[in-house]
Amino acid sequence: MPGAPEQLLSLQSVGFAHPARRGAPVQALSEVSLHARTGELLAVVGPSGCGKSTLLELICALHTPDQGTITAPPAVLMPQRDLLLAWLSALDNVALPLRIAGLGRAQARARARELFGEVGLDGFQQAHPAELSGGMRQRVAFLRTLLCGKPLLCLDEPFGALDAITRAEMQEWLAATLARERRTVVLVTHDVEEAILLADRVAVLSPRPGRVVASVEVELERPRNRTDAALSALREHALGLLASEGQA
Ligand SMILES: Nc1ncnc2c1ncn2[C@@H]1O[C@H](COP(=O)(O)OP(=O)(O)OP(=O)(O)O)[C@@H](O)[C@H]1O
Ligand SMILES: [Mg+2]
């Protein structure tokens, strides 16, 4: 129930238009209501340009809604393009939020180093972003997001730029990492299968201005298998909802 006390994140009838630089404002979202409880993963799927990134920016308080209300804890955004600093090693990129929070260099690096082995990046601490594969860069960016220590993680198409095989590996990796490091997550994706594989709930958005066409509860046991019949049935259901809005 939106607004119930156990909700960590709650959006009620949120509308937002990007102010115009030239011409008319761009209405990005309309009447969006969403919620997530502590520890849940809420996936948001929708066609290109429907306002998904804008939604995460609103949740992270980078914009103020024009209509409706947002109740959200401190949130950190992992943006659509990985913003690793090219001149820092992978380790120092991950340690960055701890340094910003005031931790000394040695302590920050030690905390960051602990996580590297756990996520299959052992041996790459000293590599610079240009020396890493796309999948590795996204793991580094994700670790950095985790270490921000915020209760809510907003992930914007984290695997959007990866090839299909790496993408599938990264989905399993994220599921395993979140099973160990339980967080509340809002995951924006174009990929309905990814959404069903990872989420507790999938919000399907219409074309711009994005509004919630349907909210699909995913009550499948974890770990999940993408070839599972119940998962395939939910995927087809969600794809049908997207298609009925004139986009797939
Ligand atoms: N800063 C901005 N100023 C003006 N318009 C913007 C701004 N950011 C986004 N928009 C517009 O708002 C609409 C929604 O954009 P947004 O990036 O949120 O969509 P999206 O669903 O994330 O798209 P994609 O799937 O391509 O990542 C688009 O029409 C976009 O052009
Ligand atoms: Mg986007």
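Helices (H or I, at least four residues) and strands (E, at least two) are DSSP runs, numbered from the N terminus. Two residues are in contact if their C-beta atoms, placed from the backbone, lie within 7 Å. Axes are lines fitted to C-alpha atoms, for helices over the stretch in contact, and angles run from 0 to 180 degrees between N-to-C directions.

This is a predicted model: local features need pLDDT of at least 70, side-chain atom pairs count only at pLDDT 80 or more, and totals for chains, interfaces and linings use all residues. Residues are numbered from 1 along each chain as its sequence is written.

**The sheet**

Six strands form an open sheet with mixed pairing. Their order is β5-β6-β7-β3-β8-β9. Two strands pair if DSSP finds at least two bridges between them. β5 (75-78) and β9 (212-217) stand at the edges with a single partner strand each, so one side of each has no neighbour in the sheet. On average, neighbouring strands are turned by 15° against each other, direction ignored. Strands β6 (residues 152-156) and β7 (residues 184-189) run parallel, joined by five bridges. Leu 152 has Thr 184 of β7 as its bridge partner.

**Helices on the sheet**

| Helix | Strands touched | Angle |
|---|---|---|
| α1 (residues 52-59) | β3, β5, β6, β7 and β8 | about 160° with β7 |

**A helix pair**

Helices α2 (residues 90-100) and α3 (residues 105-118) pack at about 125°, their axes 8 Å apart. The contact includes Leu 91 and Val 94 of α2, and Arg 105 and Ala 108 of α3.

Key
Chains lettered and ligands numbered in written order.
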